[in-house]
Amino acid sequence: MVTAFGFVLLTLLLVTAVAIVVTPNLFVAVMLTSIFSLLMAATFFLLDAADVALTEAAIGAGMSTILFLGALALIGEHEARRRRRPWLPLAVIGLTAFTLIYATFDKPRLGDPAAPVHQHVAPWYLEQTPELMGMSNVVTAVLAGFRAYDTLGEVLVILTAGFGVLLILAERRAGGRPDRPPAVGLRHHLIPRVVGQLLIPFIVLFGLYLQFHGEFGPGGGFQAGAIIAVGIVLHALLEGEAAGRAILPTRVLTGLMAGGAFLFAAVGIAGMLLGGEFLDYSGFSADPVAGQQLGVHLVEAGVGITVTGTLVAAFHAFADRERPA
Amino acid sequence: MIIDALSFAMLALGGFFVFMGGLGALRLPDLYTRMHAASLTDSLGTLLTLGGIMLQSGWSLATVKLLTILFFLLMTGPTATYALANAALFSRDDGPPATAP
Amino acid sequence: MKVLGLYNYWVFTVLLMIGLYAIIARGNLVKKLLGLSIFQSAVFLLYISMAKVEGGTAPIIQHAGEPQLFSNPLPHVLILTAIVVGISTIALGLAIVVRIREEFGTIEEDEIQARDRDR
Amino acid sequence: MYYAAAAAILVTMALALLRALLGPTVYDRVLAVNMFGTKTVLLVSIVAFLSGRPDFLDLALAYALINFVGVLAVLEFFQKTRADGRTR
């Protein structure tokens, strides 16, 4: 029965995706993306991926929509209609789709426990995590422990992308028209403002809960960072850009971005200094399992700090810019 | 036994109201009436559905979480509807609403 | 039954193609980025579908020692990080589009190329 | 009965999606997105309960908190865009 729900969600997903591509108004397309993301998150949840669903919800429904909207406010919302029928792209896509669907008949059916994916390292992770790491969330253990090298690389990509946004949008900040009143956000709407202000502490608290409970339930640095960023952005939306910037100036944000990645790498090097390999946490404590837990906590904290800093900085970079003439 | 019957009744009613609200949000003629239908799913539908689950789970951490979810939904739902109605009413380019709010 | 078990992969294929279509056939740069994010989501769907195990549950161990069936944690880890990397690269793309709009006054591909030739 | 409620919620999600596709004004679409979000919260709560892992209610909690921010962001940026009078 739950599988049937999955089918319905996937079908709705297809309808939404077609609508996103077809609609001529970009504003509408972005709103449909928000629905697309919610559907995707629900699908992930039905496919037993609680951590991924949490990330998709926090990123897709929250930050992704907000960033697209912030950019659209600078770009404009209309797409030019093209007269020519795109026969060639359609032909390419039809052919590729046919090939790929033909290939799927060789894939094991959904949920087959004998599928090749499940034979190699995954059983080892599931078996060894309680013993070696002493945590119940295998995803967190693999993310911050067994495959921490990979995660460090991803954090550096996020950091680079964040600095890229800041550098590209850095120049010509105050060049707009002076007669425009400063953006005040939703300050004149009393009820949303009061409720929103009431919500911010809960959002941040929930983010911190995910950050520190990530070893035992769904959660971890990536999800927590995204949710805390949404809380901070909500403050900027309610009180206006200037107030949002005042609590976390760009200098502090760049410090957070770099500091989180630095913390991650420093934990790795500390492991080397204590006689292990890079990103081996077992030397942090007399008991190797406790050492692993401490290391995972520190690394996840680094991830959370970098993700929060990057997302908030990207939001400010778009929201603070003057709309070009 | 009584609790089971009660929670099933609540879930059934909740599903019914959610569906009616969805139907209304699709079929009613203009924004304000649609908003009214959609808020039915937000208040009564949410209350009954989550209440039905709560009765099944008894006194546990799950119930506390469900209460928290219910609290946030009941707080944000009307606020979002209010902000939306406000923005729609004062948007200059749509003109005055067809029916009086 | 075998055919129903492939539905996820078909949806993956069609989503991938919808995203690809937006990238190669649409001239609007923001539309291209939206297509890119659909393409990305399709890949996420493929990985998560492969991780599913029938009768399993999310890989969070409830009672240690009890044998239980879990879905594969490795694709979850890969996709979890990829989602966050995806949003930061999309933000970078949007920043570039904003700068293009400021320089050229348009975000339609052909108009940008025409204006670039005139310079 | 869980299944019946979940099925009703799924149908409502489809109806809300239809409204988001049709909705003549932007506000109709925002309304649909908001409705879609709350329906996702309900669906996730029911499925979490059905699959016997009530600890996954964290997810529903996250959606409940985040969804509202999206609606406010749409309204804020829509006002910003239209206040310039450059579109339309």
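The side chains of Glu102(C) and Arg321(A) form a salt bridge with an N to O distance of 2.6 Å, a salt bridge being a side-chain nitrogen of Lys or Arg within 4 Å of a carboxyl oxygen of Asp or Glu. This pair crosses between chains, running from helix α3 of chain C, where Glu102(C) lies, to the segment after α12 (288-319) of chain A, which holds Arg321(A); helices here are DSSP runs of H or I with at least four residues, numbered from the N terminus. Both Glu102(C) and Arg321(A) are buried, where buried means under 20% relative accessible area, exposed over 50%, and partly exposed in between (1.4 Å probe, protein chains only).

The model is predicted, so that local features need pLDDT of at least 70 and side-chain atom pairs count only at pLDDT 80 or more, whereas totals for chains, interfaces and linings use all residues. Residues are numbered from 1 along each chain as its sequence is written, chains are lettered from A and ligands numbered from 1 in the order in which they are written, and side-chain values use heavy atoms, with hydrogens and water left out.

Glu102(C) also meets Arg99(C) in a salt bridge, at 2.9 Å from N to O. Because these two residues are 3 residues apart in helix α3 of chain C, about one helical turn separates them, and Arg99(C), like Glu102(C), is buried. A network of salt bridges links Arg321(A), Arg99(C), Glu102(C) and Glu103(C).

Elsewhere in chain C, Lys32(C) and Glu109(C) are joined by a salt bridge of 3.5 Å, N to O. That pair links distant parts of the chain, 77 residues apart, with Lys32(C) in helix α2 and Glu109(C) in helix α4 (residues 109-118). Lys32(C) is buried, since its relative accessible area is 16%, whereas Glu109(C), at 30%, counts as partly exposed.
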